[in-house]
Structures are given as C-alpha cells and as structure tokens.
Amino acid sequence: MLFDLDGTLIDPAGGITGGIAAALQEAGLPIPSDQALQAMVGPRLSHALQEFAGVPEQRVDEVIALYRRHYRTTGMAASRVYPGIREALAELRARGYALAVATQKPRTLALELLGLHGLVESFDAVQGSSDDESAQGPGHGVPLGKQQIIAAALEDLGAPASAVMVGDRYQDVEGATANGLPCIGVAWGFAVDGELERAGAVTVVSSTDELLRGLPGPAGAHSGEPQVAGREAAATVAAVRGAVVDGAAEEEDHGRI
C-alpha cells in the first residue's frame, strides 16, 4: 500500500505555502494568491513555481534553494501528523500490509520529515524526487514524476501483483493509474472539490476509519514481511468499491497491498 506524504500523511500546517511565499518575497518576485499557493502543494515544485507563481525558468533553482532553507528552518517543525494516521499505519502493519511512501517531495526531505514525526519505521520503502529538481532523465537515476516515483516504490516493495495508492491530489490518481493501480483519495488534503473524482479515484474517504473499513485484512500475511503479493489490482478496486456500499469487504485470500 502506497501513501502520498504532504496532504495525506502529514499536514504541512502552512509550512509549505508559507515557505514558498517567503522564498518569493526574498527573491523579489510576486507572491500569488492563497488559492494558487495551496495548488502548489502536491505537484513537482519546479513545475508549480512556473505554473502558479510565474517564476521565470532561469530563476526556479534560486527560488527552490530559498524555499528549502525556509522549510528546514521553520516550515518542517510547523507540520503535524493528520489525526488517526499513526493508528491507521499500525493497524495496517498488524493486518500484514507492506507500506511505502511515494511523494513528489525530494526523498531526502521526505525522510527528514518522516523522521521528525517518528514515522520512518512505519514504512518498508520511501521514494521521492531528487534533491536537484532540475535533473532529468533516467541517466540521473531520478524518478521524473509521480508515475515514475510510484513505479520506483513498487519496485522497492518487490513488484507486487496488486497494490493501491492513497493520496490527496489528482497527480496521485494519475500516477497510480499509469502503473495499473487503483487510487483511494483522501478528503483532508489539498484537492479542490471534485478533483479526485474527476481524476478517477475509486473512492474518496473522509477519515482514516473510513479508509480502514474499505480495505481487506490479508489472510495468511505476516506482519513485518516486506514482500507484497496478492490478487490483481481489479480485485482491490472491487473490494474498495464494495466497502463503500457495504461498509466492509471480505475475501478468502488476500495478499499484501
């Protein structure tokens, strides 16, 4: 089972948007509206700065460096784990699920953030973008976008026969779909109304309790094993959709997600 980070596991609590605004101000560039700043949480930062803040391409690296400084100084400490996430992760581990993070945040920052909140040990794998967001192509060993980041996380988990992505933005849904995975959307993140449904999320949940109710408990799986195996993704989609209607999903033999 793969999770996005900001907006799904961790509430940035203004640390990201505030850091971007501070970086733009320090660089002498216009600060966009609050709505535009919110839209920048989730996509690759180098792209978001150009699309939503109009940062010239030649100044993107400068602004990113300023943002990283602000984020490490004050933004990261302002973040918090969303309610119910710790308990949900523990429950999923107890059910035998292997867990990974697949985030557009640079992997180094993702590990720092997870470490700050004591969540690193909850995951079998953590994948993110490169520290150098201008790096391009397989020759750099850098996952280019959400699709490639999810693919790298799946590879770290042993190329599972079935898996599901959990995220709060359309990039999570599209990246999952490109890898043949269903995606469960979470309503507590940064998506605008209808965004996740339009992108093709199999369902959108409003709480971690609702998320857990929609997931089967793998029979025969043993907690702590990083291997992932199970039915095809279509079976996972059916289980998730069935949970929305019935409030629970039951199957005889489930592999890890």
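Colleague: Why is D11 called buried?
Modeller: Its relative accessible area is 14%, and buried means under 20%, exposed over 50% and partly exposed in between (1.4 Å probe, protein chains only). D11 therefore counts as buried. The model is predicted: local features need pLDDT of at least 70, side-chain atom pairs count only at pLDDT 80 or more, and totals for chains, interfaces and linings use all residues. Residues are numbered from 1 along each chain as its sequence is written, and side-chain values use heavy atoms, with hydrogens and water left out.

Colleague: What makes R80 and D11 a salt bridge?
Modeller: The N to O distance between their side chains is 3.1 Å. The term asks for a side-chain nitrogen of Lys or Arg within 4 Å of a carboxyl oxygen of Asp or Glu, so the pair qualifies.

Colleague: Which parts does this pair tie together?
Modeller: R80 lies in strand β3 (residues 80–81) and D11 in strand β2 (residues 10–11), so parts 69 residues apart in sequence are tied together. Strands are DSSP runs of E with at least two residues, helices runs of H or I with at least four, numbered from the N terminus.

Colleague: Why is K146 called buried?
Modeller: Its relative accessible area is 5%, so K146 is buried. K146 lies in helix α7 (residues 146–156).

Colleague: What lies 2.8 Å from a polar atom of the K146 side chain?
Modeller: The backbone oxygen of A102. Leaving aside neighbours within four places in sequence, K146 is in contact (heavy atoms within 4.5 Å) with residues including D4, A102, Q171 and D172.

Colleague: How do you know that β7 and β8 pair?
Modeller: Two strands pair if DSSP finds at least two bridges between them. Three bridges join β7 (residues 183–186) to β8, so the pair meets the criterion. The two strands run parallel, and G185 stands opposite V204 in β8.

Colleague: What makes β8 an edge strand?
Modeller: In the open sheet, ordered β5-β4-β1-β6-β7-β8, β8 (203–205) pairs on one side only, as does the other edge strand, β5 (125–129).

Note on methods:
Polar contact = N/O pair within 3.5 Å; in protein donor to acceptor, adjacent residues only side chain to side chain.
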